[in-house]
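Keep the sequence and the 3D view open while reading.

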Amino acid sequence: MPEKSTHEEMEQQVNIRKEENRSCRSVAETIKGLEKRLELEQAYRSAMHQTAIGLLQHTDLNDLLEAIVTRACSLAGTEHGYLHLYDPGTDELVLKIGLGRLKQAVDFRIEPGQGLAGKIWQSRQMLALEDYSGWSERDPDPRFDALRAVVGVPLKSNADFVGVIGLAHFEKEKSFGESALEILRQFAEIASLVLRRTMNYVDMQDELGERRKIETALKRRLDFERIVSIISSKFVASVDVNSQIDTSLASIGRFSEKSRVYLFMFDADHQTMSNTNEWCADGESPQIDHLQNLSMAEFPWIMPQILEGDIVEIEDVSGLPDVAINERNILEMQNIKSLILVPVRIGGKVDGFIGFDDTQKTGPWSADDVALLQVVSDIIGSALQRERTEAALRDSEKRYRALVEDMPAMICRFVPDGTLTFVNNAYCDYFQKKSSDLIGQKFLQFIPQEDRKKVKRHYSSLNEKNPMRTYDHQVIGPDGKMVWQEWTDRVLFNQAGTVSEYQSIGQDITERKLAEAALTEEKERLAVTLRSIGDGVITTNAEGKITLLNNVAEKLSGWSQQAAIGKPLKEVFHIVDEFSRIPAKNPVQEVLDRGAVVRLSNHTMLISRDGTEYIIADSAAPITSAEGKILGVILVFRDITEKRKMEAELQKIQKLESLGVLAGGIAHDFNNILTGIVGNISLAKMDAEAGKNIVSQLTEIENASLRAKDLTQQLLTFSKGGEPVKDILQIAKLTKEAVIFALRGSNVRCRFELPDGLWPLEIDGGQIGQVINNLVLNADQSMPGGGELIVRAKNTVLSPQNNLSLPAGKYVKVSIQDRGIGISRDHLDNIFDPYFSTKQKGSGLGLTIAYSIIDKHSGRLTVESKLGAGSVFSLYLPAARGKECLEPSAEPPLQSGQGKILVMDDEAIIRGVAANMLNYLGYDVTLASDGQEAVDIYRRAMETGSPFDAVILDLTVPGGMGGQDTIQTLKKLDSRVNAIVSSGYSNDPVISNHEKFGFKGIVTKPYRIQEMSEALNKLLG
């Protein structure tokens, strides 16, 4: 490899020199900054020193007061100031001095708590307001309405309140910054001391009246001023704070002629303290070596006062109270007779104290002693604060350089025109450039042309009140593509107070921007969708924990989305069976297990968090990824409570209307049946007396009774409502029976077209019978003069695109056609609406109920009509899938049996009939009148070792324990109890679902011996 030329080596040396010069300039600028801060600190100390000396030159109280206000205004940069003095005679504050526009308020008096000065009087604390005119507690005097920024500081001497000094601005744009407030606070301390001394001096003149004492006091005051001046000037000029503390303690110790002067400093946690500096008079033994790392807890009386910022004066150590016995013992061991301690504040926080000891005498401490310690305390506190600040700045500079270079975030500094003055390694790496290629160049070159003015406007708007701002913008990346970056800019000021440069920290946020945009779009779509949905919506993750609830779901469940998120569904979505109250299956878990849509079962009840109950319906479905993986579940449900109640009420109302129409026909049929029963009983009695065979008459009586039972069963079937209780039935038989029942006593004849081979249906016979009954009654009323009714049924298969909006599959269509007056085209769209009717009489509920029932059976009810030509109502019901209905078989022969049977019924006649039938069949029978008696009998039988083989329990016992409660009690006695339920109400849920309630068979009233025989034979084998 060829050697570098001399020219290349020289050029490399020049570049190295340039880089070194830049580093030197940076270090020099930092040093200049520190020097400037020290100069400002020295200037501030000098100004405070001159202020103290200037105030002490005034011996006249009024002159001093005016000088105090004048100097305060000068220090804070305003011409408007005032000073209130406390008047003990009237217990008021009197405005003694007013400058600027406040001069007109001289002699204005206020009471405690009134206005700004009154508030300061009460709290003894500084109070500053940005806008006095908007302060709700301002003084109502109109002379102060124009005030804007105001500040007031209490003047105190020891614990005594002297007055208030205040400053004000009348211009809206002006205010008092933190530095002005700190200056005013410290100035108030000096002014308080001088004011108290002057007031004491005035009192001294009034009381003593002797020139010699005045001259002595003046001489001592001049010595006081000289010592303060020397101490202050030495601290300003010296960088060795510790040595100046020693010198200062010696000066004030000799001046005050005290035994010992010392400084104690606290540790960082304020748990221990150490004597750091000490001066002792001749003949006194130093104590500093023995007073290190003392526990502050050993001084329980003194230290709380010091930490609160109070001065501790002890005139006689031996006279300390019992609560200070620990301090008294420690001080007497050091032969201390009296002492005074003044807190030392560093940065506004008490971090130690300065004190005088007197080992020679007891007695009160003079105001000079207190004032001297306070002034020296402030000077030492300020010096220590400055020392700490300078050390912190040096450490901060070192940490800053190390931190900036190693940070992964991009960091740069630039001057107001955008020229870069510094970039860290991350900045160079991002833009794939060297530091030397970037320094001196404008960073705006990386900003698109259309955004450069906006970026410059962002950082140019920074100022002292708003020095920092974060914003994002697009940037031209190293590959020329647009990327997004986020930057936090901070303005930096030079010593003159003008902008020197800006520092900025940035990061690439392109991926975040893209994700935020996609997320925002998705959230907007989801929010709009959820707001537009009237149903409750709950989503869960793949673990079944809730991730979202919409407003309707919150209302129905009683849970807020915030409280529900992260909880398992069953904790929030508490669902049970409407009738049994047994907890329902978790629909989310079913979806997760099956991976398919799941519909909530009928009679599902949601119990809200506050106990409110809702009947609900709908479904849950899986949420899947593009790959088909289940990510969660969405549950959609609606409240159908009111709908269910309305349908039930509508059914009740419509049944009453229909029963009125049917009453005549039913009465006619019952009369015929009763005629057959009563007539045959009379014939049987006559034949029995004549010794003839009466079997034929008894058979006729039984047949008539069975007809009465069928008629009763039809009435019960008609009265049924609510959710369908389905069985596999043939529609032809049900239809024919319902039509004949509805046309009893009518002058309308019916023609049936019901072919064989109709598909079986899984339906509630009572409810479908009610639908047919309603349609037939409507047809009958549409033909008041009589006529023909045609009832047809046929199998039909619906295609996926059928116009009935029903699922494709097999259906049975039943049509009822009349030759009545028909329905106008205008009314056809409304005939299924509640209370809509074209008849003068009627509630208009029959067709509404019919439509609701068919809908619950997953079918459809339609109508075709032409005015004057009649109507055709058609109902479509889905065929039962893979099921066959049981055809009635020939009545089986009686089967005898054996065993112990317990019969419970509240009616004696029923118990007698049951006992006779069971005895005839060969069973041993025991009778009970209610559930409690049956339980007692059953228990005794078990205890005697002769238990019952079966029990027959009446479902309803007025005023006593019925069958449903009795079976639960018996199952606790004998989990294998064989129980048969008995009732005359076939529509009771226990009858239709007897196994669910613990029964193993049913017999309905009135009893037939064949049914009793079959039920017991099936149960006992």
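The text below begins with the whole chain and then turns to selected parts.

## The chain as a whole

The model is predicted. Its protein chain has 28 helices and 36 strands. Of the 1021 residues in the chain, 43% are buried. Among contacts in the chain with a separation of 6 or more, 59% are between residues 24 or more positions apart.

A disulfide is a covalent bond between the sulfur atoms of two cysteines. A search of the whole structure finds 0 disulfides. Two of the cysteines can be looked up in the table further down.

Helix α24 covers residues 908–921.

The buried residues of α24 are R911, A914, A915, M917, L918 and L921. Viewed down the axis of α24, these buried residues fall within an arc of 170 degrees, so they line one face of the helix. An α-helix has 3.6 residues a turn, so residues three or four places apart point the same way. The face of α24 turned away from the buried side carries the exposed residues A908, I909, N916 and Y920.

What do the buried residues of α24 pack against? Their partners are the strands β32 (900–904), β33 (924–928) and β34 (950–954), together with the helix α28 (1009–1020). After α24 comes G922, which has a positive phi near 105 degrees.

The loop between β32 and α24 contains D905. Is D905 buried or exposed? With a relative accessible area of 0%, D905 falls under the 20% cut-off and is therefore buried. The side chain of D905 reaches the backbone nitrogen of E907 at 2.9 Å. When neighbours within four places in sequence are left aside, D905 is in contact with I910, R911, A928, S929, D954, K1005 and Y1007. One of these, R911, is also among the buried residues of α24.

## Helix α12

Helix α12 (residues 452–460) has the buried residues V455, H458 and Y459. Seen down the axis of α12, they fall within an arc of 85 degrees, so they line one face of the helix. K453 and R457 are exposed on the other side of α12.

## L556 in helix α14

L556 has its place in helix α14 (residues 551–557). Its relative accessibility is 6%, so L556 counts as buried. In sequence, L556 and R609 are 53 residues apart, while in space their C-alpha atoms are 8.7 Å apart. Apart from neighbours within four places in sequence, L556 is in contact with L606, S608, Y614, F637 and D639.

Strand β28 (residues 787–798) pairs with strand β26 (residues 748–753) in the parallel sense, over 6 bridges. In this pairing, R749 stands opposite E788 in β28. β28 also pairs with strand β29 (residues 809–817), in the antiparallel sense and over 9 bridges. There, V791 stands opposite I816 in β29.

## Two loop residues with positive phi

Most residues other than glycine have a negative phi, and most peptide bonds are trans. D107 is not a glycine, yet its phi is positive, at about 75 degrees. D107 lies in the loop between β2 (92–99) and β3 (109–110). N293, also a residue other than glycine, has a positive phi near 50 degrees. N293 is found in the loop between β8 (272–280) and β9 (294–295).

| Residue | Relative accessibility | Class |
|---|---|---|
| C73 | 4% | buried |
| C412 | 3% | buried |
| D107 | 54% | exposed |
| N293 | 59% | exposed |

Key: Residues numbered from 1 in each chain as written. Predicted model: local features only at pLDDT ≥ 70, side-chain atom pairs only at ≥ 80, totals over all residues. Heavy atoms only, no water. Helix = DSSP H or I, 4+ residues; strand = E, 2+ residues; numbered from the N terminus. Expected span 1.5 Å × (residues − 1). Buried < 20%, exposed > 50% of the residue type's maximum accessible area, 1.4 Å probe, protein only. Arc of directions from axis to C-beta. Contact = heavy atoms within 4.5 Å. Polar contact = N/O pair within 3.5 Å; in protein donor to acceptor, adjacent residues only side chain to side chain. Disulfide = S-S within 2.5 Å. Pairing = 2+ DSSP bridges.
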